[in-house]
Amino acid sequence: MLYLFSIPVTFFPLPEFSRRLKERMHHNIPHRFNVGLNMRATKCAVCLDTVHFGRQASKCLECQVMCHPKCSTCLPATCGLPAEYATHFSEAFCRDKLNSPGLQLKEPSSSLRLEGWMKVPRNNKRGQQGWDRKFIVLEGTKVLIYDAEAREAGQRPVEEFELCLPDGDVTVHGAVGATELANTAKTDVPYILKVESHPHTTCWPGRTLYLLAPTFPDKQRWVTALESIVAGGRVSREKAEADAKLLGNSLLKLEGEDRLDINCTMPFSDQVVLVGTEEGLYALNVLKNSLTHIPGLGAVFQIHLIKDLDKLLMIAGEERALCLVDVKKVKQSLAQSHLPAQPDISPNIFEAVKGCHLFAAGKVENGLCICAAMPNKVVVLRYNESLSKFCIRKEIETSEPCSCIHLTNYSIIIGTNKFYEIEMKQYTLEEFLDKNDHSLASAVFASSTNSFPISIIQVNPTGQREEYLLCFHEFGVFVDSYGRRSRTEDLKWSRLPLAFAYREPYLFVTHFNSLEVVEIQARASLGTPARAHLDIPNPRYLGPAISSGAIYLASSYQDKLRVICCKGNLVKESNNEHHRGSSATRSCPRPLFLNDSSPNKRGPPTYNEHITKRVASSPGPPEGPSHPREPSTPHRYREGRTELRRDKSPGRPLEREKSPGRLLSTRRERSPGRMFEETSRGRTPVGGARTPLSQVNKVSWSSVKCLLISGKYLSLPVGSSCLYCEKPVWMRG
C-alpha cells in the first residue's frame with residue numbers, strides 16, 4: 001500500500017531542477033526505510049558500493065530497495081515506480097539545458113552517446129597530483145576525453161579508451177577502494193568509477209581510467225551505459241561456449257510465481273541438498289531436479305550438520321533464533337512427502353540466542369562448541385554431556401557486528417572491526433594479528449580505511465602447519481596460527497568482493513556480476529596464483545557442493561533464478577580455452593613461471609659471460625692460507641637452494657608465543673616457520689670448515705634458470721633434457 005507525502009526528496013541537488021522534476025513527473029513518494037542488520041551482501045542503490053553482510057543497511061519496506069544508511073537521503077522519491085519509468089524520465093530531463101551539469105544523453109543514428117563534464121586524475125597518477133576537469137564523451141565503443149566541450153566535428157580528443165578489445169577484457173567498477181586513491185578526499189571516493197582493460201597478450205600493458213562524477217545519478221548512468229557496451233562486446237563464440245559449458249550444470253531453475261528467495265544450501269546426502277529460503281526449508285534432489293518443501297520452519301538463513309549429535313543447527317524464523325532439528329525428523333518428513341498431511345518438524349529453539357545472523361560449530365579442545373554472533377555481542381556455547389544440551393559459557397560484547405567466525409582446535413577467531421582470538425580456557429579476548437610484524441600494518445590498521453574483515457579461511461592442506469587467509473574489503477593476507485605473516489605477497493581482489501568460499505585448492509570470490517576463482521598454491525610454490533573470471537548475473541554464494549572442489553551459487557536475473565554447481569577446475573579450463581583461442585594468433589606461448597624474460601634482444605647471456613661480469617663488478621676476497629679461494633657460484637644459483645631460504649617473519653617475545661592449548665618447543669618458539677636445523681641454513685659453525693662445491697663445467701643458462709625456478713638440485717647425466725624447458729643439460733650434479 002502506497003501513501004502520498006509532500007516531503008521534498010528529489011533526484012538532483014539543484015533546487016530549480018528538483019522543482020521542474022516534481023511539476024512534470026507528479027510522482028513524489030518517499031521510501032519507508034527500516035535500518036537493520038544486512039543478512040546478505042549486496043550493492044548500494046545509490047553509491048554502487050558494497051553493503052556487506054552483518055553491517056547496518058537501510059531497506060525500504062515497500063519496494064525492498066537497499067542502500068547504506070548514509071546514502072538513504074540521496075535516494076530519489078520513486079517508491080512504487082518501476083525502475084524503467086524512473087530511468088526514462090531522468091534521461092528525458094537530462095536532455096534539457098537546465099539539467100545536472102554532469103550528463104547529456106543523445107542517441108544519434110540509434111547509437112548510444114553519453115557526454116558531460118567529469119574529473120580525471122592529473123597525469124594518470126591516481127589522484128596523487130589532483131584532478132582535472134575534462135569533457136567526457138562516450139561514443140560507440142570508445143570513451144573520448146577532451147579539454148573543452150566537443151563542438152566541432154574535427155576536434156581531436158586528448159585521450160581515448162577502447163571498451164571492446166579484440167584480444168582482451170574490459171571491466172567496469174562502480175566503486176573503488178579508498179586505498180587506491182590515497183590523496184583523494186574521502187568525500188569524493190563514493191563518486192568515483194573505474195574502467196580497466198586487461199589484454200590477453202603479454203605485449204601490451206593494461207590500462208586504468210578513473211572518472212569522478214559530479215552526482216550519484218550521473219555516476220549510475222555512466223556505469224549502466226559502460227556496462228551495457230562492455231557486455232555487448234563480450235558476446236563472442238568462444239566466450240559463449242565457455243560460459244555455456246560452465247553454466248550448463250544448473251541444478252534448479254525457477255521463474256515467475258515459483259521463484260524462491262534462497263539464502264543457503266547444505267549437502268544432506270549423496271543426492272539431496274537442503275535449501276534454506278525466506279519461504280522455509282526445502283530439499284533438492286540433484287538427480288531428479290525436484291524440490292520438496294519441509295513444513296514446520298519459517299525463513300532459514302544458515303544450516304550446519306552436527307554429526308556427533310545427528311542434529312541440524314540452523315538460524316530460522318522471523319526472530320532469527322538459533323535452533324536444533326533432529327535429522328531423523330527431516331528424513332521422516334521427506335519419506336512422507338507424497339502424503340497429503342505431511343508431518344511438521346519441531347525445532348528446539350535457544351531462547352537466549354535470538355537475533356542471530358551468523359554461527360560456527362565444531363570441536364574445540366575435543367568438545368562440541370557453538371559460537372553465535374548477534375549485532376552487539378558474541379555468545380560461546382559448550383555441550384554438556386551430563387545435561388545433553390548446549391549451555392552458554394561466555395557472552396562477549398563487540399563494537400561492530402561480527403562478520404566471520406572460525407573454530408580452531410584450541411580457540412575461536414572472530415572478525416568484527418578487527419580479527420580477534422578467543423582463548424577457550426579463560427575466555428579472554430585478544431587481537432589475533434601480531435602488531436610486532438610491521439609487514440602487517442595494512443591489515444592491523446585496515447579499519448581506519450573502512451576496510452573491515454569479511455572472511456577467515458583455513459587454506460593449509462591436511463597434515464601441514466596451520467595457515468589462514470584473512471580476507472578484507474580490498475585485500476587478503478596469509479598468516480600462521482600465531483597471527484604472523486606466512487607469505488610475502490598479499491592477494492588483491494580485482495573487483496569489490498561480496499563473499500568468499502574455499503574448496504581446496506580453489507578460492508571463490510563473488511562480485512556484483514561476476515565470479516572470480518583463485519587457485520591457492522602451496523606455501524613453497526613460486527609465481528603468482530592462477531585466476532579466472534566468469535560473468536554471472538547477481539551471483540550469491542549458497543554453500544559447498546556435494547562434489548569436491550565445487551560450490552553452489554544462486555544467479556538471479558529479472559524474475560528468473562538459477563542454482564548453479566560451479567567447479568573450480570572447470571572455471572579454470574574454460575578461462576584457459578577462451579584465452580588460448582583469442583590470443584593464439586597474436587602471441588607466442590608463454591611459460592608457466594614469470595620473471596624469466598631476457599633483459600636484451602640478443603638472447604640470454606652465456607654462463608661464462610655472467611661469471612666474468614660478476615667477478616669484475618665485485619671486489620675480490622683476500623687470498624692466502626687463511627682465506628682459501630672458493631669456487632665462484634652465481635648469486636641467483638645460491639638463492640635457488642631451498643635450504644638457504646630464511647623465514648621473513650620477525651621474532652616475537654616468548655610470552656606472546658604461548659597459545660592456549662598448544663605446547664611449543666623452544667626451537668619453534670624462537671623462529672616459527674623454519675623447519676631446518678641451525679647447521680642446515682648455510683651457516684658455518686665455529687671451528688668448522690665449509691664444504692667446497694664441486695667444479696662446475698659449461699652450463700646452459702636456460703638450464704640453470706629452470707633449476708632455479710624449480711628450487712631443487714637435479715642429478716642428471718650430461719646430454720639429458722631439462723625437465724622444464726626440454727633443452728639439453730650440460731651440468732654435472
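Figure 1. The structure shown is a predicted model. The side chain of Asp490 meets that of Arg485 in a salt bridge, with an N to O distance of 2.7 Å.

**Figure 2. The salt bridge between Glu467 and Arg487.** The closest N and O atoms of Glu467 and Arg487 are 2.8 Å apart, and the two residues form a salt bridge. The pair links distant parts of the chain, the two residues being 20 residues apart. Glu467 belongs to strand 32 (residues 467–472), whereas Arg487 is placed in the loop between strand 33 (475–480) and strand 34 (491–492). Glu467 counts as buried because its relative accessibility is 3%. Arg487 is likewise buried, at a relative accessible area of 16%.

**Figure 3. The salt bridge between Arg113 and Glu139.** Here the side chains of Arg113 and Glu139 meet in a salt bridge with an N to O distance of 3.1 Å. This pair joins distant parts of the chain: Arg113 in strand 7 (residues 113–121) and Glu139 in strand 8 (residues 131–139), 26 residues apart. With a relative accessible area of 15%, Arg113 is buried. Glu139 has a relative accessibility of 41% and therefore counts as partly exposed.

**Figure 4. A network of salt bridges formed by Arg40, Asp261 and Arg540.** Salt bridges link Arg40, Asp261 and Arg540 in a network. In the structure as a whole, 23 salt bridges are present.

**Figure 5. A patch of negative charge on the surface.** The patch gathers Glu255, Glu257, Asp258 and Asp559. Of these residues, Glu257 is located in the loop between strand 14 (250–255) and strand 15 (262–267). Glu257 counts as exposed because its relative accessibility is 83%, the limit for that class being over 50%.

Figure 6. Ala360 is part of strand 23 (residues 358–364). At a relative accessibility of 13%, Ala360 counts as buried, since residues under 20% are placed in that class. When residues up to four places away in sequence are not counted, Ala360 touches Cys369, Ile370, Cys371, Ile405 and Leu407. A distance of 6.7 Å separates the C-alpha atoms of Ala360 and His406, residues that are 46 apart along the chain.

**Figure 7. The protein as the setting of the close-up views.** The protein has 733 residues, of which 46% count as buried. Its secondary structure comprises 12 helices and 41 strands. Of the contacts between residues at least 6 apart in sequence, 51% join residues at least 24 apart. The accessible surface of the protein amounts to about 38700 Å², and carbon and sulfur atoms account for 51% of that area.

Methods:
Residues are numbered from 1 along each chain as its sequence is written. This is a predicted model: local features need pLDDT of at least 70, side-chain atom pairs count only at pLDDT 80 or more; totals for chains, interfaces and linings use all residues. Side-chain values use heavy atoms; hydrogens and water are left out. Patches are made of residues with over 30% relative accessible area and no salt bridge: like charges are joined within 9 Å, nonpolar side chains (Val, Leu, Ile, Met, Phe, Trp, Tyr) within 5 Å. Accessible areas come from the Shrake-Rupley method with a 1.4 Å probe; for residues, only the protein chains shown count as cover. A salt bridge is a side-chain nitrogen of Lys or Arg within 4 Å of a carboxyl oxygen of Asp or Glu. Lys and Arg count as positive and Asp and Glu as negative; His and the chain ends are not counted. The place of a charge is taken as NZ of Lys, CZ of Arg, CG of Asp or CD of Glu. Helices (H or I, at least four residues) and strands (E, at least two) are DSSP runs, numbered from the N terminus. Buried means under 20% relative accessible area, exposed over 50%, partly exposed in between (1.4 Å probe, protein chains only). Contact means heavy atoms within 4.5 Å.
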